[in-house]
Amino acid sequence: MRITEIEINNFRAFYGKHTISLGKDGKNLMVYGENGSGKSSFFLALKSFFEASMRNVDLRGFENIFIPESQKDTAYLQFKIKQNERSSSETVIKVDVVNNTITGNDKLLIADANKIKGFFDYKSLLRTHLVDTDDVNIFQLLIQEILSEQENRFTNKTLGKEWREIIYDSHELKQGQWVVKSIKEKIDNFNKGLKEKLQSIEDDTNIFIQRFGYSIKIKLSFDGVEYYGRRDIRNQNVGIKIDFFSKPIPKHQHFLNEAKLSALAISLYLATIKSNPSEGVLKILVLDDLLIGLDMSNRLPLLDILKEFFQDEYQIIMTTYDKIWFELVNNYFGITKWNYLDIYSKKLLDDDFEMPIIKQNTDYIEKAQFYLDEKDYKASAVYVRSEFEKLVNNFCDKNNLFVKYKIKSKELKSDDFWNAIKLQTTIDEVLISEVETCRGTVMNPFSHHDLNKPTFEAELIKAIAVVKKLKTPSFRKDGTKTFEQLQNKIEDLENKIQEKEDTIQQIRSGKAISQED
């Protein structure tokens with residue numbers, strides 16, 4: 001079950017109607033937007049829509065303040081949801097200022113999705129590791145926030161609702177025999193349900209933390225809450241015990257550095273999301289600027305985790321104001337299962353207010369085609385070259401090819417990656433020849449001074465077609481050469497070099513004889 005379209009009308013920064021397509025099968029989404037562009041309004045729109053299945057949301061309070069009087073009370077959020085890839089129909093669910101909540105069967109669908117709590121900010125978990133107290137306690141955070149809507153298998157009630165009932169009952173003035181018995185039964189069921197959840201979370205957290213490359217093992221300790229009398233519920237504690245290289249760390253928040261604490265918090269956060277066993281429902285994971293604040297060593301492992309454990313089962317929506325990491329996610333995941341959007345602010349008039357503009361982010365080769373059609377040959381050539389550089393770089397990385405070493409990685413050029421591909425793979429010789437031709441013309445920046453020559457447009461058309469071949473599965477899955485093949489290739493090159501040296505020596509000898517004569 002996937003979201004295929006999001007429509008936002010007169011909500012917060014979004015003046016007028018804005019439509020975001022996620023494709024007919026409901027792709028994952030990566031959104032880039034600078035601060036103040038409307039990215040936060042987009043995140044709040046998603047959050048408000050799902051919360052509308054649990055309570056009334058005041059869309060009138062979120063309505064854009066610049067709309068004319070005639071458009072007052074027109075704010076709405078509308079989602080199209082497809083049951084599965086084979087389904088030909090979509091469910092349209094709308095929340096507006098008149099109906100501030102979702103009703104009917106649609107309410108159950110969105111309420112189930114809301115139970116996952118994919119909107120939770122991992123930094124709240126990180127803050128629990130940065131406290132001054134000796135022990136870290138995440139009980140309240142789990143019960144009131146992350147796990148509050150997840151069901152207890154033993155009661156079919158949510159853990160949050162069970163806990164509220166326990167607290168309410170414990171405040172009763174008369175704590176008679178039947179009241180005490182009821183409270184203890186509820187506590188017993190609550191403890192069993194929470195312990196089962198914590199075991200699942202602990203297991204997944206340890207799997208995730210290993211992906212970050214840290215020798216850290218986590219243990220979630222929960223002895224169970226106990227009733228001691230009116231308003232006296234004790235042991236409200238979920239502790240975190242850490243082994244670092246198999247050695248217990250009593251106060252891990254004072255021992256581990258920020259990079260390890262961040263990795264730990266994210267692993268724990270994602271494990272709590274994954275702990276919801278719901279089957280066949282809409283599973284949404286919204287990560288707002290999750291990459292920001294992570295050091296370089298933690299970002300790629302995070303993408304590995306999302307790809308392996310969440311990309312297919314959950315519909316992921318990520319936002320960022322870091323353009324570099326927006327491009328990295330684009331390069332890492334590609335476009336098969338992901339859509340990419342730019343959100344930027346623009347004034348309609350010089351003295352007007354700013355409003356978000358949503359632009360579908362296309363890859364470089366599509367931009368190259370666009371500028372070719374617009375007769376802007378220089379821009380087209382730049383994007384062709386950029387796409388080629390990106391493709392060969394990613395190909396070498398994904399196929400573990402050996403690339404010429406340089407102390408400063410920024411000094412690596414597309415030549416280094418392309419030569420590695422030619423030498424170490426079984427890429428078609430015809431394709432190599434076509435690429436080499438284009439690299440001497442369109443993909444050579446020194447050729448761009450003569451853009452008006454009649455052949456340049458034809459060369460651009462050819463270059464775009466060639467680079468598109470490099471994007472096809474047949475190229476991306478091209479086999480790497482065996483050691484024996486590499487040895488033969490090296491010997492062949494060495495023989496050619498020797499032949500050239502012999503020829504040069506003969507020429508020199510001939511010249512020497514002629515001089516003597």
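Ser-246 sits in the loop between β11 (239–244) and β12 (247–249), strands here being DSSP E runs of at least two residues and helices H or I runs of at least four, numbered from the N terminus. Ser-246 has a positive phi of about 65 degrees, although it is not a glycine.

Quick housekeeping. This is a predicted model, where local features need pLDDT of at least 70, side-chain atom pairs count only at pLDDT 80 or more, and totals for chains, interfaces and linings use all residues. Numbering starts from 1 along each chain as its sequence is written, and side-chain values use heavy atoms, with hydrogens and water left out.

Back to phi. Most residues other than glycine have a negative phi. Asn-10 has a positive one, near 50 degrees. Asn-10 lies in strand β1 (residues 2–11), and at 1% relative accessibility Asn-10 counts as buried.

Next, Asn-191, in helix α6 (residues 177–211). Buried or exposed, at 11% relative accessibility? Asn-191 counts as buried. A polar atom of its side chain lies 3.0 Å from the backbone nitrogen of Val-225. Leaving out residues up to four places away in sequence, Asn-191 touches Phe-222, Gly-224 and Val-225, contact meaning heavy atoms within 4.5 Å.

Last, a helix pair. Helix α12 (residues 377–398) and helix α13 (residues 414–424) pack at an angle of about 50 degrees, with their axes 9 Å apart; those axes are lines fitted to C-alpha atoms over the stretch in contact, and angles run from 0 to 180 degrees between N-to-C directions. The contact includes Phe-388 of α12 and Trp-418 of α13.

Technical notes. Buried < 20%, exposed > 50% of the residue type's maximum accessible area, 1.4 Å probe, protein only. Polar contact = N/O pair within 3.5 Å; in protein donor to acceptor, adjacent residues only side chain to side chain.
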